[in-house]
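This report treats backbone geometry, strand pairing and charged side-chain contacts in turn. Please keep the sequence and the structure in view while reading.

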Amino acid sequence: MRFSKKKFEEDGFCVFDIDKKLVSKSKKKILFLISSILSKKYKLKNIIEKKIIKLYKSKHKLDIISAFDHVGFFPELYSFVNQKQIINIANKAGLSFPVVGFNNLGGRGGIPFLYSFPNDEKRYYKAHQDFFYLPYSINSIVLWVPLQNTNKKNGALKIIPKSHKSNKLFHHSAKDVKNNKLDNSLKEEDFISINVNLGQALVFNSFLVHKSGGNTSNQIRMSF
């Protein structure tokens, strides 16, 4: 699947194929990082994804969050976004001199790493436009890369196609997107789920309205 400039401009988003091996390698390193932290601190062994979910619901929750907070600084993520393919897509999307960054309001820096545990509503990102949290660039774009297949069950991203038109910025009630109340002024039926598989990426306009889907699976939905 190739990037379509026409679809990107008309609908505000497009899904395209990427380097699957590099993304899979990043996921393995993430799970290894968490396993290393828990094994050294608590002498816990065989830390597979299912066990991480169980530990997340226990006294080890903060340790897992701490590990995840380091993922955004992995060199693999920067290597990915600096690939020639990604730069070319940024050019086609209208960025003649693209730069990589996340100059958000009160952010920590690094490339954002997002994770959603099963039935953990506190981690869901409510309806928003990334431009509100990524100010200063009127033509900024967002690249969203899942580390597994995404679908309605594990919380595929929900978007409102064409909501980027005219660069209209809706009212955002909170700096923390998880507390935003934009949902109250939007119709749920206007959102559609976008299934993006491992080995694919979603690129969208920063004015496009989107939100997290609910994760009712038995897996962690991870993306950067």
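## Basis of the description

Helices, of at least four residues, and strands, of at least two, are taken as DSSP runs and numbered from the N terminus. The model described here is predicted.

## Two residues with positive phi

Most residues other than glycine have a negative phi. Against that background, N119 has a positive phi of about 55° although it is not a glycine. N119 sits in the loop that runs between strand 2 (114-116) and helix 7 (130-133). With a relative accessible area of 55%, N119 is exposed, because the cut-off for that class is over 50%.

K162, which is not a glycine either, has a positive phi of about 70°. The loop that holds K162 lies between strand 4 (157-159) and strand 5 (192-194). K162 has a relative accessible area of 43% and is therefore classed as partly exposed.

The antiparallel pairing of strand 4 with strand 7 extends over two bridges. In this part of the sheet, I159 stands opposite H210, a residue of strand 7.

## Salt bridges that involve D11

Side chains of opposite charge can pair when their charged atoms come close. A search of the whole structure finds eight salt bridges. One of them joins the side chains of K7 and D11, with an N to O distance of 2.9 Å. Both K7 and D11 belong to helix 1 (residues 5-11), where they are four residues apart, about one turn of the helix. Is each partner buried or exposed, or something in between? K7 is partly exposed at a relative accessible area of 31%, whereas D11, at 15%, is buried, because buried means under 20%.

The side chain of D11 also meets that of K162 in a salt bridge, here at 2.7 Å from N to O. This pair links distant parts of the chain, since D11 lies in helix 1 and K162 in the loop between strand 4 and strand 5, 151 residues apart.

Which residue forms a salt bridge with E188? The partner is K211, and the closest N and O atoms of the two residues are 2.6 Å apart. This pair, too, links distant parts of the chain: E188 is in the loop between strand 4 and strand 5, while K211 is in strand 7, and they are 23 residues apart. E188 counts as partly exposed at 42% relative accessibility, whereas K211, at 9%, counts as buried.

Salt bridges with shared partners join K158, D183, E188 and K211 into one network.

Methods:
Residues numbered from 1 in each chain as written. Predicted model: local features only at pLDDT ≥ 70, side-chain atom pairs only at ≥ 80, totals over all residues. Heavy atoms only, no water. Buried < 20%, exposed > 50% of the residue type's maximum accessible area, 1.4 Å probe, protein only. Pairing = 2+ DSSP bridges. Salt bridge = Lys/Arg side-chain N within 4 Å of Asp/Glu carboxyl O.
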